[in-house]
Number of protein chains: 2
Amino acid sequence: MKLTILFGGASFEHEISIVSAITLKEKLGNFDITFIFCDSDHTFYLIEPEKMKALTFSKGEHKKMPRLTVDQGGFVQKNMFSKTEYNNVVLNLIHGSDGEDGTIAALLDFYSIKYIGPRVDACTFSYDKRYTKYLCDAIGVKSVKYEVMHKDEHCNIQTPYPIIIKPASLGSSIGVSIVKEESELDYALDVAFEFDDTVLIEPFLEGVKEYNLAGYFAKGEMHYSIAEEPHKEEFLDFEKKYMDFSRSEQVLKAQLSEEMVLRLRTNFDKVYRNLFEGALIRCDFFVLNDEVLLNEINPIPGSMANYLFEDFATAIEDLAQSLPHAKRPKVTYDYIHSISQAKGK
Amino acid sequence: MKLTILFGGASFEHEISIVSAITLKEKLGNFDITFIFCDSDHTFYLIEPEKMKALTFSKGEHKKMPRLTVDQGGFVQKNMFSKTEYNNVVLNLIHGSDGEDGTIAALLDFYSIKYIGPRVDACTFSYDKRYTKYLCDAIGVKSVKYEVMHKDEHCNIQTPYPIIIKPASLGSSIGVSIVKEESELDYALDVAFEFDDTVLIEPFLEGVKEYNLAGYFAKGEMHYSIAEEPHKEEFLDFEKKYMDFSRSEQVLKAQLSEEMVLRLRTNFDKVYRNLFEGALIRCDFFVLNDEVLLNEINPIPGSMANYLFEDFATAIEDLAQSLPHAKRPKVTYDYIHSISQAKGK
């Protein structure tokens with residue numbers, strides 16, 4: 001199938017997005033893919049498939065490639081006397097800000113470009129971990145207790161040590177610290193506040209099991225990946241997660257009872273329905289004392305969590321054919337007409 | 001001051017936005033205003049101030065006016081050999097979808113255009129009334145109890161009659177019905193589902209008082225309008241609200257105790273802080289049995305609730321100078337460089 005992969009973005013996860021795109025090029029080898037790179041200054045470039053290498057971008061070679069603009073229905077390459085349009089379904093593969101905060105979703109919506117990825121409201125609830133907690137409380141999914149701290153209002157933390165300090169709105173463990181005692185707190189807060197004005201404080205849970213489950217809605221039903229127990233030390237730091245983003249080999253199922261798989265799916269379903277349609281997302285769960293807790297929603301997981309699916313290419317094809325269609329309201333001038341008639345004008 | 005007013009949009013409130021813009025032209029007479037109209041097909045037009053009349057749009061005369069595109073830093077009028085840039089601060093005056101659902105906010109963010117109006121996450125929590133409830137629960141602001149119904153899953157309603165049926169995501173009373181008994185229910189649901197796939201059901205509260213309060217954060221502090229008790233019959237229908245959008249005369253303060261004004265402001269503040277910065281919003285409260293309940297957040301109120309402010313022009317000027325600056329993350333290629341060095345490439 002034809003697909004446009006949109007990657008890059010003005011994001012701390014810019015490099016991760018490049019790695020994801022390169023991984024999907026390999027994984028979706030039989031697709032006809034157009035690669036569009038969004039540079040950190042928000043210029044779009046058309047990248048030839050054979051130039052899809054990390055060094056193309058780190059060396060700035062992409063700047064010599066054709067620039068694209070976005071217009072109704074697709075991306076456009078304008079030449080002196082002609083223009084070429086790229087109007088495939090877009091896979092939004094921009095991780096972090098731009099891609100996951102609703103910016104790219106809204107841009108594609110505004111220009112009526114069909115895309116695989118979270119819609120604007122889904123982005124709000126997954127990008128900011130504070131809002132993920134709001135969602136969990138509202139839909140009856142359990143999550144880890146938390147406190148919120150804003151940059152200008154340092155307050156006393158109630159959670160007993162050890163605690164985890166997280167910027168509210170970043171993935172890939174960026175700016176995250178485990179704080180074992182108070183003497184380490186100020187430094188951890190400084191690090192987190194470098195990335196976000198809002199920080200979440202959670203208890204560090206000993207003995208927690210972590211399971212990742214991906215899925216999507218297509219052809220009228222939910223489709224789930226296998227559940228994976230990610231390798232971890234205390235937690236994956238950025239560099240390890242970064243390597244993680246280039247994964248393309250299918251992983252082994254976690255050793256889980258059927259009942260537990262069902263519970264993970266039930267929680268996944270509650271999160272996904274009526275919010276994430278159009279996206280393939282990964283939910284990272286904790287299991288502690290036989291309780292399932294949602295840790296994080298990845299609405300654009302690294303390399304689309306391809307390694308969790310038996311037939312990833314089919315997943316993308318099915319999803320591309322099941323995208324929600326944005327209704328654009330029909331505009332009339334009935335009221336203006338009726339008022340001007342009443343005024344006799 | 002110089003200001004661009006962006007209005008129109010692909011929205012059921014398209015006409016209301018036109019009326020709002022015409023009202024602000026009058027109200028901000030000493031401003032140097034550029035009017036940019038977003039047509040329902042998402043084409044932008046530059047409208048000469050003297051053409052700012054309702055009939056210009058209902059007759060389609062705007063289509064003969066200069067087309068603009070959006071680019072980094074502003075709107076652009078391209079001619080054969082030159083281009084004119086319009087890069088004032090934008091006042092987002094598009095009510096309903098596009099303007100209040102995060103689309104325009106994201107578009108302006110993406111192109112680094114400064115604007116007065118709600119940011120993307122603020123839009124999510126105000127555009128969909130269901131998410132306003134999530135917000136209220138999370139921040140400790142009381143609101144009216146509710147049930148949710150999705151288009152494809154009609155279910156038994158628990159709330160006793162009389163009830164109000166509302167599309168989750170529309171303002172201006174569009175698609176809203178009061179249902180007094182079960183025989184009226186199906187029709188009311190059909191009407192509401194015409195506008196949205198999600199519908200809220202609330203008890204119709206007898207003897208409720210309604211108060212509207214607007215405000216914004218600028219120059220380091222919150223600024224509040226007077227509180228108004230809106231005229232109402234059972235509730236304002238679309239046509240009455242529509243006329244309401246052209247209001248420009250300052251209204252009288254509601255007869256409220258100082259203590260009640262303070263309670264309204266405290267609730268307003270909880271809703272606004274760390275979410276609505278950059279916007280002038282109006283919160284519509286209910287007071288019932290001495291309890292303050294948030295009914296609705298209007299993140300882009302009709303004609304910007306100018307009639308609630310003593311000095312509306314100064315409010316807009318101050319707000320324009322206190323806009324949140326979107327941090328665009330600095331992109332580096334450190335990891336790609338370190339990995340390619342490790343590989344010896």
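**Entry 1**

Sorted by class, the contact of α5(A) with α5(B) has six nonpolar residues, two charged residues and no polar ones. I note here that the model is predicted.

**Entry 2: the neighbour of α5 in chain B**

I next looked at helix α4 (residues 120-127) of chain B, which packs with α5(B) at an angle of about 105 degrees, the axes being 5 Å apart. That makes α4(B) roughly perpendicular to α5(B). On the α4(B) side I found B:T124, B:F125 and B:S126, and on the α5(B) side B:Y131, B:T132 and B:L135. I counted three nonpolar and three polar residues in the contact of α4(B) with α5(B), with no charged residue.

**Entry 3: the whole contact between the chains**

How many residues does the contact take from each chain? I found 41 residues from chain A and 41 residues from chain B. On the side of chain A that touches chain B, the elements giving two or more residues are α1 (14-27), α2 (54-58), α3 (103-110), α4 (120-127), α5 (129-139) and α10 (334-342) of chain A. I divided the residues of that side into 19 nonpolar, 15 polar and seven charged.

I also looked up whether the two sides correspond. Of the interface residues of chain A, 100% are also interface residues in chain B, so the copies meet through the same surface.

**Entry 4: how the copies are related**

I superposed chain A on chain B by a rotation of 180 degrees with 0.0 Å of shift along its axis, and the RMSD is 0.0 Å. The two copies are thus related as by a two-fold rotation axis.

**Entry 5: chain A as a whole**

I recorded ten helices and 16 strands in chain A. The radius of gyration of chain A is 22 Å, close to the 20 Å that the globule rule gives for 345 residues, so chain A is as compact as a globular protein of that length. Along the principal axes, the C-alpha atoms of chain A fill a box of roughly 70 × 60 × 45 Å. I noted that 44% of the 345 residues of chain A count as buried. Taking contacts in chain A between residues at least 6 apart in sequence, I found that 67% join residues at least 24 apart.

**Entry 6: two partly exposed residues**

I looked up A:M65, which is found in the loop between α2 and β4 (67-71) of chain A. A:M65 counts as partly exposed because it has 15 C-beta neighbours inside 10 Å. Apart from its neighbours within four places in sequence, A:M65 is in contact with A:Y45, A:L46 and A:I47. The C-alpha atoms of A:M65 and A:I47 are separated by 6.6 Å, and these residues are 18 residues apart along the chain.

I then turned to B:Q77, in strand β5 (residues 74-78) of chain B. Is B:Q77 buried or partly exposed? I noted 16 other C-beta atoms within 10 Å, so B:Q77 is partly exposed. Leaving aside its neighbours within four places in sequence, I listed its contacts as B:L46, B:P66, B:L68, B:K83 and B:T84. Between B:Q77 and B:L46, 31 residues apart along the chain, the C-alpha atoms are separated by 8.4 Å.

**Entry 7: backbone points**

I found a cis peptide bond joining A:Y161 and A:P162, with omega about -5 degrees. A:P162 is in the loop between β9 (147-150) and β10 (163-167) of chain A. In chain B, a cis peptide bond joins B:Y161 and B:P162, and omega is again about -5 degrees.

Which loop holds A:S303? I placed A:S303 in the loop between β16 (291-298) and α9 (312-320) of chain A. A:S303 is not a glycine, although its phi is positive, about 45 degrees. With 24 C-beta neighbours inside 10 Å, A:S303 counts as buried. I found A:A305 in the loop between β16 and α9 of chain A. Phi of A:A305 is near 50 degrees, a positive value in a residue other than glycine. A:A305 is buried, with 23 other C-beta atoms within 10 Å.

Notes:
Residues numbered from 1 in each chain as written. Chains lettered and ligands numbered in written order. Predicted model: local features only at pLDDT ≥ 70, side-chain atom pairs only at ≥ 80, totals over all residues. Least-squares fit on C-alpha atoms with pLDDT ≥ 70 in both. Contact = placed C-beta atoms within 7 Å. Helix = DSSP H or I, 4+ residues; strand = E, 2+ residues; numbered from the N terminus. Rg over C-alpha atoms; globule rule 2.2 N^0.38 Å. Buried ≥ 20, exposed ≤ 12 C-beta atoms within 10 Å, placed from the backbone. Nonpolar A, V, L, I, M, F, W, Y, C, P; charged D, E, K, R; others polar. Axes fitted to C-alpha atoms, helices over the stretch in contact; angles between N-to-C directions. Parallel < 35°, antiparallel > 145°, perpendicular 65-115°, else oblique.
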